[in-house]
Amino acid sequence: MLGSDIQLCFIFYSTLLILKMYIIAIITGQVRLRKKAFANPEDAERHGGVQFCRTDPYVERCRRAQQNDMENILPFLFLGAVYSMTSPSYAAAQLHFLIFFLGRVLHSVAYLLALKAPTRSLAYVIAQVPCISMAIQILMEVASFA
């Protein structure tokens, strides 16, 4: 009822990625509470006073990981959905979705744990390869209609 096997595979990995984004958001909130570093005065007042309306390096690291997810996962959702409609082989589609997912998980782990360079950069590049591949294949499918 939801679609082809390829679309179901895409839905599976997309849902995992969205859950991962929620987890990063929860981690960011928990780190704010633990570090008592709130972005808004009303939140700081509730948790000890306006002096806790401040920044913290680890909270900012979590926020950057969250922002990076939005900048990369949202385009993947578009590319993957359209790519799924181009009738790729199931094995190729699954490989694209899996590589992107694993790259993004590794990227988040590397970001949150401040792993040594170039771990995070490599994870980013690994996740971009399937996106570029899908974009090229989509363009090849629709180029004659432009």
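Visitor: Is S14 buried or exposed?

Guide: This is a predicted model, and S14 is placed in its helix 1. The relative accessible area of S14 is 6%. Because buried means under 20%, the term for S14 is buried.

Visitor: Leaving aside neighbours within four places in sequence, which residues is S14 in contact with?

Guide: S14 belongs to helix 1. Once the neighbours within four places in sequence are set aside, the contacts of S14 are F76 and L77.

Visitor: What kind of aromatic pair do F10 and F76 form?

Guide: A pair of aromatic rings is described by the distance of the centres and the angle of the planes. By the rule used here, the count comes to seven aromatic pairs. For F10 and F76, the distance is 5.8 Å centre to centre and the angle between the planes is 45 degrees. Planes under 30 degrees apart count as stacked and over 60 as edge-to-face, and the pair of F10 and F76 is tilted.

Visitor: How many residues apart in sequence are the parts that this pair ties together?

Guide: F10 is buried at a relative accessible area of 10%, and F76 is buried at 0%. F10 lies in helix 1 (residues 5–35) and F76 in helix 3, so the pair joins parts whose separation in sequence is 66 residues.

Visitor: What kind of pair do the rings of Y83 and F97 make?

Guide: Y83 counts as buried at 0% relative accessibility, and F97 likewise counts as buried at 0%. Y83 lies in helix 3 and F97 in helix 4 (residues 90–112), so their pair ties together parts that are 14 residues apart in sequence. The ring centres are 6.2 Å apart and the planes stand at 90 degrees, so the pair is edge-to-face.

Visitor: How are helix 3 and helix 5 oriented, roughly parallel or roughly antiparallel?

Guide: Two packed helices are described by the angle between their axes and the distance between the axes. The axes of helix 3 (residues 57–84) and helix 5 (residues 119–142) come within 9 Å and cross at roughly 25 degrees. Because angles under 35 degrees fall in that class, helix 3 and helix 5 are roughly parallel.

Visitor: How do the residues of this contact divide into nonpolar, polar and charged?

Guide: Helix 3 contributes residues including F76, L79 and Y83, which meet residues of helix 5, among them Y124, M134 and I138. The residues of the contact of helix 3 with helix 5 divide into nine nonpolar, four polar and two charged.

Visitor: Which residues does I99 touch, not counting those up to four places away in sequence?

Guide: I99 lies in helix 4 and counts as partly exposed at 31% relative accessibility. Without residues up to four places away in sequence, those that I99 touches are I126 and P130.

Visitor: What is omega for the peptide bond from A117 to P118?

Guide: P118 lies in the loop between helix 4 and helix 5. The peptide bond from A117 to P118 is cis, its omega being near 10 degrees.

Key
Residues numbered from 1 in each chain as written. Predicted model: local features only at pLDDT ≥ 70, side-chain atom pairs only at ≥ 80, totals over all residues. Heavy atoms only, no water. Axes fitted to C-alpha atoms, helices over the stretch in contact; angles between N-to-C directions. Helix = DSSP H or I, 4+ residues; strand = E, 2+ residues; numbered from the N terminus. Parallel < 35°, antiparallel > 145°, perpendicular 65-115°, else oblique. Contact = heavy atoms within 4.5 Å. Nonpolar A, V, L, I, M, F, W, Y, C, P; charged D, E, K, R; others polar. Phe/Tyr/Trp six-rings, centres within 6.5 Å; stacked < 30°, edge-to-face > 60°. Buried < 20%, exposed > 50% of the residue type's maximum accessible area, 1.4 Å probe, protein only.
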